[in-house]
Amino acid sequence: MLVIVTGVSGTGKTTLGSLLAEKLRLPFYDGDHFHPAENIAKMSAGHPLDDVDRIPWLQALADKLEESELKGGAVLACSALKNAYREKLSVSENLRWIHMIGDRDLIWDRMLARQNHYMKAGMLDSQIATWEKPLTGHELDISGTPEELFEESLNYLKSQPMKMKMGVIGMGVMGKSLALNLAEKGVPVSLYNRFVAGKEEGIALKVVDENPEFSNLLAFEDLQKFVDSLEKPRRILMMIPAGAAIDAQLDALIPILEKDDLVIDGGNSFYLDSDRRVARLHESGMHFLPMGVSGGEEGARKGPSIMPGGNAEGYAMVEDFLGRISAKDKNGKPCVTYVGPGGSGHFIKMVHNSIEYGEMQVLAELVHLLRFGFDCSAEQVSEIFSEWGKGELKSFLLEITADLLLFKENGDLLLDNILDQAGQKGTGAWSLTTALEYGIPYSPLAESVNARGVSGEKAMRVAFSQTFKHEFAKVEGALESWLPKIKAAYSLARIINHEVGFRLMKTVSDTKGWNLNFNEIARIWTNGCIIRSGLMETISSNYSDSVSFFETSGVKEQVISGRKDLAALVGLGLTHGFALPVMSAGINYLLGRITAESSASVIQAQRDYFGAHTYQRKDDPSGKFYHTNWI
Ligand code: 6PG
């Protein structure tokens with residue numbers, strides 16, 4: 001909250017202002033201290049200031065107020081004699097005015113009693129003559145006792161609650177963490193969580209109670225009151241599950257919102273649903289930002305990577321706030337950018353997650369192979385990963401995998417007690433169906449989705465392992481000789497995962513005319529998000545729209561040198577009983593894409609043989625279609 005206590009000199013603005021600031025836990029500023037030296041000299045010489053003298057002073061005060069609002073508020077004591085001056089200081093809807101009005105003789109006596117002040121008592125008449133009756137705010141009669149003035153001011157301020165800058169709907173892990181992140185960065189936030197008797201009661205209030213260090217949080221269970229608590233145009237961030245819940249929440253919100261209000265969907269919604277919702281809010285004159293947020297609970301609380309798309313005007317309304325709460329890249333720039341129109345923000349988050357699935361699966365495959373093929377202990381695998389993480393292979397997922405391999409519970413490795421059935425919420429599978437729709441080869445990342453599917457069939461796997469006598473075979477020979485190959489294979493598998501994901505993004509961007517900036521997308525993925533890594537740094541500086549990522553410098557060499565290692569590792573794993581779906585799909589994908597003479601001639605011949613589907617000929621560059629009577 002911003003409070004300005006006004007009045008002519010001697011009315012007690014500084015005394016009241018300081019008391020209010022103390023009570024409200026806000027900084028106090030004395031407007032007199034913002035006068036430039038020339039003004040002070042003029043006043044000390046007994047000359048009143050004119051309007052021109054006051055321009056730089058009012059500007060300095062307005063700047064201070066704006067800066068203070070971003071930090072949570074302030075109390076300012078300032079004469080603000082004319083309505084035009086007050087207008088200049090009206091920097092926010094959250095500004096409250098208290099005007100100290102008093103009898104001239106009372107003020108005169110007080111002024112005579114004052115010492116060490118550059119204002120001469122004789123200037124009072126000039127100030128009183130300049131004073132204009134305020135158009136807004138509370139007029140306080142200064143004849144009361146200091147206690148009475150203080151009480152009356154506080155009551156007035158309580159009757160004029162400030163409007164909050166942002167509203168967050170949904171106090172699940174991500175909603176709560178983002179709300180606290182905003183509050184910590186000086187953004188006053190209204191929190192809303194629905195009321196479900198016996199299940200969800202007082203959830204938002206609990207968040208406020210558990211975080212007493214933040215005085216800029218307000219809790220609501222009533223949607224209308226929540227909306228009313230927000231500054232206009234309103235900014236509302238929904239952090240609720242993707243799907244029908246989003247449409248239901250929009251159904252409830254749209255009738256009580258107004259033109260130019262902004263709604264953000266910060267969940268993992270399907271991008272085509274988001275396209276539709278952008279259009280829906282646009283029809284109502286409102287802005288909608290489908291926004292990917294990555295980084296999990298810790299990221300959301302301390303600095304996520306943020307991927308807003310949709311309405312650019314809406315983005316401008318929250319650009320500053322998002323920049324404040326996001327992670328920062330190596331140059332200190334916020335890991336947030338306006339991605340593009342429609343559902344593009346959710347689209348790139350979907351592909352981010354698909355790459356995330358692939359990266360996780362490759363690590364899972366390596367952990368398994370190293371532990372049960374190469375007979376490494378969990379600690380050894382952790383050590384190998386930590387070592388790799390010190391160099392260019394560094395990544396968040398490698399780091400947490402090294403870490404979880406050391407986690408013990410009652411002396412046992414927790415990992416070995418976790419049921420081997422991987423869950424999924426949709427983004428990986430949606431990426432795969434999108435790739436199929438756009439005809440983009442996607443096998444390595446598709447296999448990460450399929451692997452989760454196969455893992456879910458636990459009972460069948462257990463039964464089949466007996467039926468088909470499956471066992472992991474131990475690898476003969478020293479791990480040391482294999483380690484450099486495993487490292488090269490891992491590095492190449494990661495390159496392939498990223499190439500696959502970025503190629504899908506590029507194709508969809510081109511087809512939909514989104515014109516996405518992939519250097520910038522990779523940049524905002526260099527920190528805060530789950531797939532942050534050294535490789536992402538490389539992509540952010542090397543990505544080119546015209547050249548495949550495989551061909552970029554530093555990557556090309558690995559594609560050439562690492563593919564025998566990846567093939568060898570996959571061969572070794574498969575012959576020793578290890579399913580390595582992403583790594584083997586990766587090497588197949590790569591070989592497929594670098595093979596000049598492929599086996600597709602056979603397919604074309606077969607198609608023409610049984611169905612007269614025709615084929616084109618290598619010896620006829622015209623592209624003409626031929627049919628042969630094969631029988
Ligand atoms: C992130 C994560 C996050 C979440 C995904 C994964 O970037 O912070 O990707 O969005 O963990 O939804 O979900 P599933 O693995 O359950 O599909």
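From which domains does the shell around the ligand draw at least three residues each? Keep that question in mind while you move through this predicted model, and begin by selecting the ligand together with domain 2 (166-342) and domain 3 (350-594), since each of these two domains supplies at least three residues of the shell.

Next, display the residues that surround the ligand, of which there are 13, the closest being Ser294, Lys349, Glu356, Tyr357 and Lys425. If you colour this shell by residue class, you will find 2 nonpolar, 7 polar and 4 charged residues. Then highlight helix H15, which spans residues 344-373 and gives the most to the shell, with 5 residues.

Now turn to the side chains that approach oxygen atoms of the ligand. Select Tyr357, where an N or O atom of the side chain lies 2.5 Å from an oxygen atom of the ligand, and then Asn268, where the corresponding distance from a ligand oxygen to a side-chain N or O atom is 2.9 Å. At Asn353, a side-chain N or O atom is 3.0 Å from an oxygen atom of the ligand. Taken alone, the ligand exposes 410 Å², and the protein buries 81% of that area.

Two backbone details complete the tour. Most residues other than glycine have a negative phi, and most peptide bonds are trans. Select Lys232 and Pro233, which are joined by a cis peptide bond with an omega of about -10°; Pro233 belongs to the loop between helix H10 (223-228) and strand E9 (235-238). Finally, go to Asp375, in the loop that runs between H15 and helix H16 (378-389), where this residue, although not a glycine, has a positive phi of about 65°.

Terms used:
Residues numbered from 1 in each chain as written. Predicted model: local features only at pLDDT ≥ 70, side-chain atom pairs only at ≥ 80, totals over all residues. Heavy atoms only, no water. Near = heavy atom within 4 Å. Polar contact = N/O pair within 3.5 Å; in protein donor to acceptor, adjacent residues only side chain to side chain. Areas by Shrake-Rupley, 256 points an atom, 1.4 Å probe, with all protein chains shown as cover. Helix = DSSP H or I, 4+ residues; strand = E, 2+ residues; numbered from the N terminus. Nonpolar A, V, L, I, M, F, W, Y, C, P; charged D, E, K, R; others polar. Domains from an automatic or database assignment.
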